[in-house]
Amino acid sequence: QVQLVESGGGLVQAGDSLRLSCAASGRTLTYYTMAWFRQAPGKEREFVTAISWSGTTVSADSVKGRFTISRDNAKNLAYLQMNSLKPEDTAVYYCATGTSFTRETRGYDYWGQGTQVTVSS
């Protein structure tokens, strides 16, 4: 059974940085896409960024230049480095894995439970 566990969320001020981690078990991540999505209260889950098995990345316009996704296949970990955080980045952040390299939630078959990120102004 594949399990993804996010960590690293918290309460920060605008302009601060956070690094989220996603630890996987039950699947070797090497040949799978890893992605981060987020969901703010009252809103739909939205794509943040993804990294393919080969290292190609794609990000939402709202986070380009501020957020960076990376992966450590040897440790079965994925990361989301978030810099210059804004109040509108406040959301529950989810990591996901799948065989597709896509912005669509349906492209991912395993999800973590989420970690809360709150950015105060």
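Buried, on this tour, means under 20% relative accessible area. Keep that cut-off in mind, and remember that the model in your viewer is predicted.

**Stop one: Cys-95**

Select Cys-95, which you'll find in strand β9 (residues 91-98). Its relative accessibility is 0%, so Cys-95 counts as buried. What is Cys-95 in contact with, leaving aside its neighbours within four places in sequence? Show the side chains of Leu-4, Glu-6, Cys-22, Ala-35, Trp-36, Tyr-110, Trp-111 and Gly-112, and you have the list. For a sense of scale, draw a distance from the C-alpha of Cys-95 to the C-alpha of Lys-43: they are separated by 17 Å, and the two residues are 52 apart along the chain.

**Stop two: the disulfide**

Cys-22 and Cys-95 form a disulfide, with their sulfur atoms 2.1 Å apart. The count for the structure comes to one disulfide. In general, a disulfide is a covalent bond between the sulfur atoms of two cysteines. Look along the link of Cys-22 and Cys-95: with 55° about the S-S bond, it is right-handed. This pair links distant parts of the chain, since Cys-22 belongs to strand β3 (residues 18-25) and Cys-95 to β9, 73 residues apart. Is Cys-22 buried or exposed? Its relative accessible area is 0%, so Cys-22 is buried.

**Stop three: Phe-37 and its ring partners**

Next, switch to rings. There are five aromatic pairs in the structure. Pick Phe-37 and Phe-47: their ring centres are 5.6 Å apart and the planes meet at 75°, so this pair is edge-to-face. Phe-37 sits in strand β4 (residues 33-39) and Phe-47 in strand β5 (residues 46-51), so the pair ties together parts ten residues apart in sequence. Both Phe-37 and Phe-47 are buried.

**Stop four: Arg-45**

Stay with Trp-111 and bring in Arg-45. The charged end of Arg-45 sits over the ring of Trp-111, 4.9 Å from its centre. Show Tyr-94 too: the charged end of Arg-45 also sits over that ring, 3.7 Å from its centre.

**Stop five: strand β5 and its two partners**

Finish by switching to a cartoon view and selecting β5. The strand is mostly covered, with five of its six residues buried. On one hand, β5 pairs with β4 in the antiparallel sense over five bridges. Find Ala-35, and you'll see it standing opposite Ala-50 in β5. The hairpin of β4 and β5 has six residues between the strands, and Gly-42 takes a positive phi near 80° there.

On the other hand, three bridges join β5 to strand β6 (residues 57-59), and these two run antiparallel. Five residues lie between the strands in the hairpin of β5 and β6, where Gly-55 takes a positive phi near 100°.

How values were computed: Residues are numbered from 1 along each chain as its sequence is written. This is a predicted model: local features need pLDDT of at least 70, side-chain atom pairs count only at pLDDT 80 or more; totals for chains, interfaces and linings use all residues. Side-chain values use heavy atoms; hydrogens and water are left out. Rings of Phe, Tyr and Trp (its six-membered ring) pair if their centres lie within 6.5 Å; planes under 30 degrees apart count as stacked, over 60 as edge-to-face and the rest as tilted. Helices (H or I, at least four residues) and strands (E, at least two) are DSSP runs, numbered from the N terminus. Buried means under 20% relative accessible area, exposed over 50%, partly exposed in between (1.4 Å probe, protein chains only). A charge sits over a ring if NZ of Lys or CZ of Arg is within 6 Å of the ring centre and within 35 degrees of the ring normal. Contact means heavy atoms within 4.5 Å. A disulfide is a pair of cysteine sulfur atoms within 2.5 Å. Two strands pair if DSSP finds at least two bridges between them.
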